[in-house]
Each structure stands twice: as structure tokens, then as C-alpha cells.
Amino acid sequence: MDELIEQILSLWETECGQISQIYSSVWEVNRDCVIKVYENKEQLERNVRIGEILSDFHIPVAKIVPTKTGEQYAACQGHYFLMTEKLSGSNISDLKDSEMARKMGAAIARLHVAFAQCEKELAFWDNSLLEEMKGWVRENLAANEWKILGEEDYTRTVSLLEAVYPSLPKQLIHRDVHFGNFLFFEGSLSGYIDFDLSQRNIRIFDLCYFLSGLLAEETEDAFTKEEWLENVESVIAGYESVLPLTETEKKALPCVMECIEILCAAYFAGMQDTKHADDACRVFRFLQSCENDI
């Protein structure tokens, strides 16, 4: 793929200088541009349209660099290549900074406000966390004979979700919210990236995915229970400074976070990745211990 990217660079007004892979399907070019490789043309075109709509609402997203012939992207050997200007800023390094956590919450909310407008322009995959939990998630856990996670824990958590699901607001969401997809420069949000998984789902999925994801790493800098709960408070406060949550959403936060970890455990179990499945279960147990505090 490196060689193919070097070849197709001639389609842009860009010299073939320094090229480095920064993610599985993303390459940095000359430190000021980024090329993302897609296998699915429809997904690429949808993401381009999302970017255009978000830009119209003054949401900072990467600007497309057109080819020499004015095309938005290039196709070669069954792959599709999109070049964008590299956004300024970087990922947050101090995950425990309460002020940055508040800014992250506000950033998620501003994206949700703009996403609500995108729904009027484009059709999106209408997904349901509840249907996933009762479908492939349960099938994977049962196929694993409930060794990764007990059926009793699964049933209790899904029952809690089912009781509130009809009342949870649903809209277009990012679906992959973590610090790696939100860039900050000098303390302010400078850009959003990666809309590959965007879908209609319950609104608080993005918040819950982000907050539970903070617990995934077991490092020297891992959150204590007190630190994480403070982070939860800051993120939610930031979100509500832009977009209020309903009381039902607030009460559903622990349940949805637990469902997300069960989903992750089932996914990794299906991939025969025992370590990451166990890690998800560890986070699930932690979240259970925090239900009343949340």
C-alpha cells in the first residue's frame, strides 16, 4: 500500500516527499496532508458529505484536497483515496484534567447538535443498541458458554436497558468517541475526525462509550474510582453546558456503559481474543461497583 500511495500522489498537486503510516488505513504526507484509504466507495462519499454539512455548521473538520482534475478523491486498483489537509492540534495527553474533560463533553454535545442537521440531509444506518444486545451479543456470549460473562449479569443489564430504551432520545452519533478522534490546540477543540462508524442510535451512546473507554487501559496512569467519577461529572457538565440531557438519559448512563462493555466482551470473545474480552469484563465489574455513585 505504501508503494501504491506513492504512485497515486501524482494525481494531486503534491510532491512525493515524506510518507508515514499513522493508522491502519491512514498515511501522513509531507506532515501537512493526510490520505485515507477506503475499500467502500459509498462510505467514502457519505463521509465526504458529512464533512461538508458539518463544515456548513462551523464544525471544524478536515478540508478536502482535490486532485489536479478537481475530483474529491481518486480510485486505483479497487481502492479509494481521499486526501485532506492535516488539522492542527493533537490528542489530549492528560486524561485526568477536569477542565479538558469538560471541554470534551462540550465538544461531543456540539457535534450532536450539528449531527441532528446531518440527518435532514442524508440517510444513515439506523442501529439499535438494544437489538444488538439481544442479537449477536447474546449469541456470542452463549457460544462461549457464558464463560466470559455470566448469563445472570447479561440478563440483568439488558433488562434495565430494555425498560428505558423507548424513552432514550435517538439521533445520528459519532459512535467512536475517544480522545484520538477529537483534536485540541492550545486548550481549544481544533477538529473532529473519523466518521466511519457514524449511525443513528441512542444519543448517550457517545458519552457512555467515551467514559467507559477511559477505564480500558491498565497502566500506571489508570483512573482510581474517585478520579474517574470526577471525570464523569466534568464530561457531563460540559455536555449539558451545550445540550441538556433528559432525566431518563442520566439514570440510564450506568446501564448503557455496562451494555457497551458487554458488547465489547462479546465482540472479542467472537474473535477468540480472550485478553481483551476479559479486559472488557473487568471494566464491566468496575462499572457495576459505581452504579450508585454515577
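Predicted model: local features only at pLDDT ≥ 70, side-chain atom pairs only at ≥ 80, totals over all residues.
Along the principal axes, the C-alpha atoms fill a box of roughly 60 × 45 × 45 Å. As for secondary structure, the chain carries 9 helices and 9 strands.

| Share | Value |
|---|---|
| Buried residues, out of the 294 in the chain | 48% |
| Contacts with a separation of 6 or more that join residues 24 or more positions apart | 76% |
| Accessible surface belonging to carbon and sulfur atoms | 47% |

That accessible surface comes to about 14,500 Å². On the charge side, there are 27 positive and 51 negative side chains, with the centres of the two sets 4 Å apart.

Now for the inside. In soluble globular proteins, nonpolar side chains tend to be buried together. The largest nonpolar core here has 76 residues, and the members that touch the most others are Leu 54, Leu 129, Met 133, Leu 161, Phe 182 and Trp 228. Helix H8, spanning residues 247-270, supplies the largest share of this core, with 13 residues. Apart from that core sits another one of 14 residues, including Leu 4, Ile 8, Leu 9 and Trp 12.

So what does Met 133 touch, leaving aside residues up to four places away in sequence? Its partners are Arg 138, Tyr 154, Val 158, Leu 161, Cys 259, Ile 262 and Leu 263. One of them, Leu 161, is also on the list of core members with the most contacts to other members.

Technical notes: Residues numbered from 1 in each chain as written. Heavy atoms only, no water. Helix = DSSP H or I, 4+ residues; strand = E, 2+ residues; numbered from the N terminus. Buried < 20%, exposed > 50% of the residue type's maximum accessible area, 1.4 Å probe, protein only. Contact = heavy atoms within 4.5 Å. Areas by Shrake-Rupley, 256 points an atom, 1.4 Å probe, with all protein chains shown as cover. Lys, Arg positive; Asp, Glu negative; His and termini not counted. Charge placed at Lys NZ, Arg CZ, Asp CG, Glu CD. Core = buried A, V, L, I, M, F, W, Y, C linked by side-chain atoms within 4.5 Å.
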